[in-house]
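Here is a short note to read beside the model. Keep the structure open and check each point as you go.

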Amino acid sequence: MKELGIKYLWGRTWDPVSNVYGAFPFLLGTLLTSFLALIISIPFSFAVAVYLGEYNPKGWLSNFLKNTVELIAAVPSVIYGFWGLLVLVPLIRELELKIGVLPYGIGIFTASLILAVMIIPYAASLGREMIRLVPSHLKEAAYALGATRWEVIRNVVLPYTKSGLFAGILLSLGRALGETMAVTMVIGNTSEIPSSIFAPGNTMASVIANEFTEADRTVYLSALIELGLVLFLVTVVINIIGKRIIQRFTNE
Amino acid sequence: MSAHVKYRVGKSKLAQGIIVFLAFVITLPLIFIILYIFEKGITKINWDFITKIPKPVGEAGGGIVNALVGSILIVLAASVIAIPIGIMGGIYLSENRTSRLSYWSRLSVDVLQAVPSIVVGIVVYFWVVKPVGAFSAISGSVALAIMMLPILIRSTEETLKLIPFSLKEAGLALGLPYHRVILKVIVPCGVSGILSGIMLSIARIAGETAPLLFTAFGNPFLNTNLKRPMQSLPLMIFNYATSPYDEWHEMAWGAALILLFTVLFLNITTKLITRRWNVQL
């Protein structure tokens with residue numbers, strides 16, 4: 001594993017045929033898809049968390065929403081990938097034709113969209129728990145001062161739950177980084193540095209899934225495994241930080 | 001009301017509207033996916049579909065019995081490996097809350113939960129597939145068992161933590177040895193929680209594809225030998241969906257429908273159990 005060295009991470013070409021391995025395209029692909037997915041998902045997961053935690057914590061409507069959001073997390077990722085490949089990709093292709101970029105259909109943007117849907121439940125359910133932990137006397141004090149509902153949320157609930165919401169976002173980021181199947185199916189699998197967010201690319205997880213069984217040389221194999229190692233370390237660190245924040249928050 | 005107050009109330013209403021709107025928009029993808037898969041898949045499902053093995057491309061008919069049987073066997077074997085370890089680990093963690101070992105094992109459960117499924121696949125490839133020298137269903141089960149463990153341990157631990165201390169003390173006061181207290185008092189009290197943990201973890205792994213890619217590997221024929229490569233539903237959906245053939249896409253829709261409904265069924269039943277018996281997970 002070490003024979004490739006740390007320089008491997010910045011190598012810009014990935015060409016197994018001539019035995020050149022550089023992980024940069026995949027690092028970039030992973031970061032791009034994950035952060036794009038995060039940006040898309042934050043408003044939604046925030047809305048769900050606030051709605052369930054603050055506006056409507058009881059009743060059948062919020063029960064329905066809560067269960068649906070949890071079921072989103074339960075659907076196997078291969079089904080998201082399949083659906084994305086056959087339904088979402090043609091839609092994106094039309095969109096790309098309209099805005100005048102090369103109509104690949106598959107690519108970083110499509111992968112991010114699917115990822116965004118998949119990671120919403122994690123941030124949302126954590127955010128809901130955190131918002132419920134806000135002591136009601138703080139909120140009541142703000143109402144008593146004549147604050148409107150939005151002002152209470154904006155100026156009392158949000159500052160109080162800031163670190164908890166951040167932890168939820170971290171955890172869903174960890175999820176997005178490691179997600180394999182759905183991304184593999186829609187990202188397009190090219191080992192070049194993506195030129196725009198609509199271009200096909202590859203993430204660390206998807207390149208492992210695609211090429212692991214084809215790796216016939218030890219160097220090729222260890223290149224893939226080193227990718228796995230990087231992926232492992234990154235997700236573990238992110239998750240531990242997230243869990244620590246939650247722990248500190250709930251103990252206070 | 002002054003204009004300023006009106007402005008503030010209006011802003012509050014607007015924010016509420018946006019939040020409610022966004023919150024419900026995200027249920028749409030799930031509903032679309034379920035409806036679409038139902039519509040596409042339901043026409044494919046008939047007796048042949050669940051009792052025949054796939055035909056070569058170009059021939060009509062054929063089924064997915066190899067994937068069905070494979071999925072069931074792999075998940076069963078994974079459960080056999082993971083359930084005892086998971087439950088015992090959970091009991092240990094709830095009984096020894098502050099020991100050094102439990103701190104480290106709790107940390108490793110957290111880490112294990114965070115590991116991307118594809119990395120689990122790589123690890124098992126080197127633990128099982130490499131030494132044996134061939135892809136096998138049992139290596140897939142090992143990979144899935146590793147993925148089940150954190151969920152099992154967590155749910156067992158959380159349920160058993162809720163059991164009142166007085167129950168345990170009553171047992172001990174009657175002179176029961178410690179292991180009898182655990183077996184006869186603590187485990188029966190927490191059985192519904194443990195059960196729902198098991199179901200949740202099965203639901204979680206039933207749809208896992210990534211760790212099976214280079215362990216169970218897939219197999220176009222019916223196989224019940226755990227030492228040989230085996231097909232499974234998610235693996236089949238992946239292979240068929242990324243293939244260029246329309247017939248295979250059609251079959252993948254059918255398989256996706258079966259998989260989706262199994263997983264959703266498991267999840268909803270678990271939810272009903274936990275609500276009925278008031279278990280907190």
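What percentage of the 252 residues in chain A is buried? Buried residues come to 50% of chain A. Keep in mind that this is a predicted model.

1. Start with the make-up of chain A. Its secondary structure consists of 9 helices and 0 strands. Read from the N terminus on, the order of elements is α-α-α-α-α-α-α-α-α.

2. Next, look at contacts inside chain A.

3. Now turn to chain B. It is split into domain 1, residues 3-42, and domain 2, residues 65-276. The centres of these two domains of chain B, taken over C-alpha atoms, are 34 Å apart.

4. The two domains of chain B do touch. In domain 1, 6 residues are in contact with 5 residues of domain 2. On the domain 1 side, the touching residues are 4 nonpolar, 1 polar and 1 charged.

5. Then consider how the chains meet. Here 48 residues of chain B are in contact with 47 residues of chain A. Several helices of chain B supply at least two residues each to its side, including H1 (3-25), H2 (27-42) and H12 (246-276). H1(B) gives the most, with 12 residues.

6. The residues of chain B that touch chain A divide into 35 nonpolar, 9 polar and 4 charged.

Conventions:
Residues numbered from 1 in each chain as written. Chains lettered and ligands numbered in written order. Predicted model: local features only at pLDDT ≥ 70, side-chain atom pairs only at ≥ 80, totals over all residues. Domains from an automatic or database assignment. Contact = placed C-beta atoms within 7 Å. Nonpolar A, V, L, I, M, F, W, Y, C, P; charged D, E, K, R; others polar. Helix = DSSP H or I, 4+ residues; strand = E, 2+ residues; numbered from the N terminus. Buried ≥ 20, exposed ≤ 12 C-beta atoms within 10 Å, placed from the backbone.
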